[in-house]
Amino acid sequence: MGRYQKPGFWRSLNQAWRGICYTCRTQGHMQFHIAAGISVLCLAWWSEVSHFEWLILIIAIGSVLCAEVMNSALEIVVDMVQPNFDPLAGMAKDVAAGAVLVTAIQAVVIGLIVFFPRFLRLLNYIFESFHGLGIGFLMLGGH
């Protein structure tokens, strides 16, 4: 048995990238989170959010993706160690999935805080435009 040699920086980076690619290819939830994250970034660009809001949205998206990668890693290890059904192994997977859910809920709340006021302003603009055309029945509150 040979002596363990710590891999160099570039090899470690390559292995990390391989793990991310594996997760993206094989995990449907990761694919969903990536699509949702890209959609949020496109909406942020269209909405012209502030630099601070960009930062918060990117942190939220990154947190969800990170949690999903960690969840996938834990599932792989649990399946390797315990290939047969075991209640504790199942609970470990459930707890890791719960961590993903917590970060996803956090990201949704952040998204609502950032985008909901913009959405209300857009609705107000649309309703005022219709009201100006004499289509007042579309107004909320019937002014």
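Trainee: Let's start with a pocket. What volume does the second largest pocket have?

Mentor: About 180 Å³. Keep in mind that this is a predicted model.

Trainee: Which residues line the second largest pocket?

Mentor: Find Leu43, Trp46 and Ser47, then Phe115, Arg118, Phe119, Arg121 and Leu122. Helices α2 and α4 each supply at least two residues of this lining. The largest share, five residues, comes from α4.

Trainee: Now the largest pocket. How much space lies in it?

Mentor: About 360 Å³. Its lining counts 19 residues. Look for Ala36, Val40, Ala104, Ala107 and Val108, which lie nearest the centre of the largest pocket.

Trainee: Which elements give two or more residues to the lining of the largest pocket?

Mentor: They are α2, α3 and α4. The most comes from α4, with eight residues.

Trainee: How does the lining of the largest pocket divide by class?

Mentor: It has 16 nonpolar residues, three polar and no charged.

Trainee: Let's turn to the helices. How are two packed helices described?

Mentor: By two values: the angle between their axes and the distance between the axes. Here, take helix α2, residues 28–47, and helix α3. They pack at an angle of about 175°. Their axes are 10 Å apart.

Trainee: Are α2 and α3 roughly parallel or roughly antiparallel to each other?

Mentor: Angles over 145 degrees count as roughly antiparallel. The angle for this pair is about 175°. Therefore α2 and α3 are roughly antiparallel to each other.

Trainee: Which residues in α2 and α3 meet?

Mentor: On the α2 side, trace His29, Met30, His33, Ile34, Gly37, Val40, Leu41, Ala44 and Trp45. On the α3 side, trace Trp54, Leu57, Ile58, Ile61, Val64, Leu65, Glu68 and Val69. The residues of this contact divide into 13 nonpolar, three polar and one charged. Val40 of α2 is in this contact, and Val40 also lines the largest pocket.

Trainee: One last topic: confidence. What pLDDT does the protein average?

Mentor: The average is 91. Of the residues, 91% score at least 70.

Trainee: Where is confidence lowest, and where is it highest?

Mentor: Helix α4, residues 87–132, is lowest, at a mean of 93. Helix α3, residues 51–81, is highest, at 98.

Definitions and conventions
Residues numbered from 1 in each chain as written. Predicted model: local features only at pLDDT ≥ 70, side-chain atom pairs only at ≥ 80, totals over all residues. Heavy atoms only, no water. pLDDT = per-residue confidence, 0-100. Helix = DSSP H or I, 4+ residues; strand = E, 2+ residues; numbered from the N terminus. Axes fitted to C-alpha atoms, helices over the stretch in contact; angles between N-to-C directions. Parallel < 35°, antiparallel > 145°, perpendicular 65-115°, else oblique. Contact = heavy atoms within 4.5 Å. Nonpolar A, V, L, I, M, F, W, Y, C, P; charged D, E, K, R; others polar. 1 Å grid on protein atoms, 1.4 Å probe; cavity = no way out; pocket = protein on both sides within 12 Å on 5 of 7 lines; lining within 4 Å. Points joined across faces, edges and corners; volume = space filled by probe spheres on them.
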